[in-house]
Amino acid sequence: MAENQESIIMSFFYDQESPSGVGFETIELLSQGKDTLCLAMDLAAKISDSLPEEAKAVMAEEGVPLYRIFTDQKGFWGEWCDTEALNVEEEMKKLLDRIASDLEQAAH
C-alpha cells in the first residue's frame, strides 16, 4: 500500500431499493460482523434522522453518502453529514473501535 493511499472500508447511503431506505457497502472482512453492522446501521439511522427531507432527497439523487469510514496505514477515520444538532462523535468512535477489533480478530 502506498504511503498516502486511503481506502473506503464502509459506506452508508440512501438506497431506494433497500427496505430501510439506506444501503451500505463494506469490505468482506467486516461483512460478517453482525454486531458491528448493527452498530453501523444505528449510526446511519441517527445521521439520517437528523437531516431535513430536502437534504435527504438531494443526497439520494446525487449519491452523497450519509457517512464513510476510511483507512490508511495510520488508522481509521469517519466522515459524515453533519448538522448543528447532531453529535455522533462518541458513536463514531465506538464504531471505529469495533471495526479495529473485528479486523484484528480476522487477522489471527
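**Asp-97 and Lys-93**

I looked up Asp-97 and found it partly exposed, with a relative accessible area of 42%. My cut-offs were these: buried is under 20% relative accessible area, exposed is over 50%, and partly exposed lies in between, with a 1.4 Å probe and protein chains only. Lys-93 also counts as partly exposed, at 46% relative accessibility. Asp-97 and Lys-93 form a salt bridge, with their closest N and O atoms 3.0 Å apart. I took a salt bridge to be a side-chain nitrogen of Lys or Arg within 4 Å of a carboxyl oxygen of Asp or Glu. Both residues lie in helix α4, 4 residues apart, which is about one turn of the helix. An α-helix has 3.6 residues a turn, so residues three or four places apart point the same way.

**Ground rules**

I noted that this is a predicted model, where local features need pLDDT of at least 70, side-chain atom pairs count only at pLDDT 80 or more, and totals for chains, interfaces and linings use all residues. Residues are numbered from 1 along each chain as its sequence is written, and side-chain values use heavy atoms, with hydrogens and water left out. Helices (H or I, at least four residues) and strands (E, at least two) are DSSP runs, numbered from the N terminus.

**Other salt bridges**

I counted 4 salt bridges by this rule. One of them joins Lys-46 to Glu-91, with the closest N and O atoms 2.4 Å apart. This pair links distant parts of the chain, for Lys-46 is in helix α2 and Glu-91 in helix α4 (residues 89-107), 45 residues apart. Lys-46 is partly exposed at 33% relative accessibility. Glu-91 is partly exposed too, at 28%.

I then checked Glu-79 and Arg-68, whose side chains meet in a salt bridge of 3.3 Å, N to O. Glu-79 lies in strand β4 (residues 75-80) and Arg-68 in strand β3 (residues 67-72), so the pair ties together parts that are 11 residues apart in sequence. Glu-79 is partly exposed at 39% relative accessibility. Arg-68 is partly exposed at 27%.

**Helix α2**

I followed helix α2 over residues 34-50, 17 residues in all. From first C-alpha to last, α2 reaches 24 Å, close to the 24 Å expected at 1.5 Å a residue. The expected span is 1.5 Å times one less than the number of residues. Which residues of α2 are buried? I listed Thr-36, Leu-37, Ala-40, Leu-43, Ala-44, Ile-47 and Ser-48. Seen down the axis of α2, these buried residues fall within an arc of 135°, so they line one face of the helix. The arc is that of the directions from the helix axis to the C-beta atoms. On the other side of α2, I found Lys-34, Asp-35, Asp-42 and Asp-49 exposed.

**Asp-102**

I placed Asp-102 in helix α4. Asp-102 is buried yet has no salt bridge. The nearest side chain of opposite charge is Arg-98, 5.2 Å away; Lys and Arg count as positive and Asp and Glu as negative, with His and the chain ends not counted. I found that Asp-102 touches Leu-30, Gly-33 and Thr-36, not counting residues up to four places away in sequence. Contact here means heavy atoms within 4.5 Å.

**Glu-53**

I found Glu-53 in helix α3 (residues 53-62). Glu-53 is exposed, at 55% relative accessibility.
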